[in-house]
Amino acid sequence: MAILPIITAPDPRLKVRARAVTKVDDRIRRLMNDMLATMYEAPGIGLAAPQVGQTLRVIVVDCAREGEAPQPLKLANPELVWASEDLLTVNEGCLSLPEHYADVARPSEIKLRYIDEQNEIRELHAEGLLATCIQHEMDHLEGVLFVDHISSLKRGIILRKLAKAKRQKSPVPA
Ligand SMILES: [Zn+2]
């Protein structure tokens, strides 16, 4: 398994709509496994393929608490089939917006349909942090970041800070 470089905002590659996976084959399974390894290494609780430069509808999540056994989920072409009216507000972060957090309200419970790593269609019911995490990762497939859910003022502050942090990264000497 490989650790993949994670793209950080602002970057046009994070604003693109990802295309559907036609079949979960060995190539997609390898991508899912590499994404999970990258997510655990970061560490994070979710990662979407566009964050590692693949414009494919693939996400991985693991919302197990510290001390619990890992609960990795590998989802291709996830689609919401139902979302609750009840909302849950979570202070969200993102591996593509390092060190920035903001409160985002999303449906507290969802049902989704997806293709698993064996190329089988499955359904999943999720609530609480898992529901938040899956919706956050699904947003990435539409080119949407968590800062797109907050005020443009706050979003501007975060994106300007990230752009500045990028400029200050010293270039690698040739
Ligand atoms: Zn994210």
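Predicted model: local features only at pLDDT ≥ 70, side-chain atom pairs only at ≥ 80, totals over all residues.
E123 is exposed, with a relative accessible area of 52%.

**Salt bridges**

What joins the side chains of E123 and R113? They meet in a salt bridge, with N and O 3.1 Å apart. E123 lies in strand β7 (residues 121-127) and R113 in strand β6 (residues 109-115), so the bridge ties together parts that are ten residues apart in sequence.

Side chains of opposite charge can pair when their charged atoms come close. How many salt bridges does the structure hold? There are ten.

E142 and R57 form another of these bridges, and their closest N and O atoms are 2.4 Å apart. This pair links distant parts of the chain, 85 residues apart. E142 sits in the loop between α2 (129-140) and α3 (152-168). R57 sits in the loop between β1 (46-48) and β2 (58-61).

E92 and R106 also pair, at 2.7 Å from N to O. E92 is in strand β4 (residues 87-92), R106 is in strand β5 (residues 102-107), and 14 residues separate them. Are these two partners buried or exposed? Both E92 and R106 are buried.

The table collects accessibility values for some of the residues in this report.

| Residue | Relative accessible area | Class |
|---|---|---|
| E123 | 52% | exposed |
| E142 | 35% | partly exposed |
| T8 | 18% | buried |
| R57 | 10% | buried |

Why does T8 count as buried? Its 18% falls under the 20% cut-off, so T8 is classed as buried. T8 lies in the segment before α1 (26-41). Setting aside residues up to four places away in sequence, T8 touches L14, L95, S96, P98 and K166.

Helix α2 has twelve residues. From first C-alpha to last, α2 reaches 17 Å, close to the expected 16 Å. Ten of its twelve residues are buried, so α2 is largely enclosed by the rest of the structure. Among the buried ones are C133, I134, H136 and H140.

Which residues coordinate the zinc ion? They are C94 through SG, H136 through NE2 and H140 through NE2, at 2.1 to 2.2 Å. The donor residues are spaced C-x41-H-x3-H in sequence.

**Nonpolar cores**

In soluble globular proteins, nonpolar side chains tend to be buried together. In this model, the largest nonpolar core has 17 residues. Those with the most contacts inside this core are I59, L75, I110, L112, L124 and I134. Which elements give two or more residues to this core? They are β2, β3 (73-83), β6, β7 and α2. Helix α2 gives the most, with four residues.

Leaving aside neighbours within four places in sequence, L75 is in contact with M32, R57, V58, I59, L112, Y114 and I115. Another core lies apart from the largest one. That core has 16 residues, among them M35, L47, L56 and V60.

Terms used:
Residues numbered from 1 in each chain as written. Heavy atoms only, no water. Salt bridge = Lys/Arg side-chain N within 4 Å of Asp/Glu carboxyl O. Buried < 20%, exposed > 50% of the residue type's maximum accessible area, 1.4 Å probe, protein only. Expected span 1.5 Å × (residues − 1). Donors = N, O, S within 2.8 Å, 3.2 Å for Na, K, Ca; no water. Contact = heavy atoms within 4.5 Å. Core = buried A, V, L, I, M, F, W, Y, C linked by side-chain atoms within 4.5 Å.
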